[in-house]
Amino acid sequence: MTARPDAPATATRNIRVLIVDDQELVRRGFAALLANEPGIEVVGEAGDGAQAIAQTRRTRPDVVLMDIRMPRMDGLEATRTICGDEQLRATKVLVLTTFALDEYVYEALRVGASGFLLKDTPPRLLLEAIAAAADGDVLISPAMTKRLVADLVRRPISWPGDLGPLDVLSEREREVLAEVARGKTNSEIGESLYMSPLTAKTHVSRILGKLNARDRAQLVVIGYETGLVSPGE
């Protein structure tokens, strides 16, 4: 659906990651994987949602890898709290779960998650998702995308004022929005529409502001619900 980072390698930057899972072996496994990746630093671990919130506030990671089903407080509630905290605006939450249930995807995105992956995701895709989240993009497991998109087109969306959702966009911005909804990165949008990745990024930022959308995930929803793009394209 979206959004692979323009360059999956993380060696040129330092991404601080907090790992949240109620199973210590799972946490250690992810920590070992990430420790071998240049440009990624594991800054802590947490075993439930309450600990995740506390650790996030203490360590200020760039990305939180968040399990869903945990004792005391689940990952969705923790994600809601983290994403709703103005002091943690720079922190992105990437949800990881064993359970491929649609309602988890919707709720995770609704409360502000910057991605949703299954725990059996290949390591390379996990690393791409971490880089994408740190860059402000969204990546959803390919296994979940088809069902998610099929349902999104049936969900109503409300818009402020009397304008239609796309009336505030220029023709060029609509073209960019369509490419975002197809899951393309800024570099891929640039190639398709003959512009630089930086220009594509600028257009995306303007579209987010004009549509009062939180992130690229909401732009994908808008693209499908307005009929700008259709499932199967």
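Predicted model: local features only at pLDDT ≥ 70, side-chain atom pairs only at ≥ 80, totals over all residues.

## Around valine 95

Residues are numbered from 1 along each chain as its sequence is written, and side-chain values use heavy atoms, leaving out hydrogens and water.

## The sheet

Methionine 66 sits opposite valine 95 in β4. Strands here are DSSP E runs of at least two residues, and helices are H or I runs of at least four, numbered from the N terminus. β3 and β4 pair in the parallel sense over four bridges; pairing requires that DSSP finds at least two bridges between two strands.

The open sheet has six strands, in the order β2-β1-β3-β4-β5-β6, with parallel pairing. β2 and β6 (139-140) are at the edges with a single partner strand each, so one side of each has no neighbour in the sheet.

## The core

The largest nonpolar core has 26 residues, of which Val20, Met66, Val95 and Phe116 touch the most other members. Such a core is a set of buried Ala, Val, Leu, Ile, Met, Phe, Trp, Tyr and Cys residues joined through side-chain atoms within 4.5 Å, where buried means under 20% relative accessible area (1.4 Å probe, protein chains only). Its largest share, four residues, comes from α4.

How values were computed:
Buried < 20%, exposed > 50% of the residue type's maximum accessible area, 1.4 Å probe, protein only.
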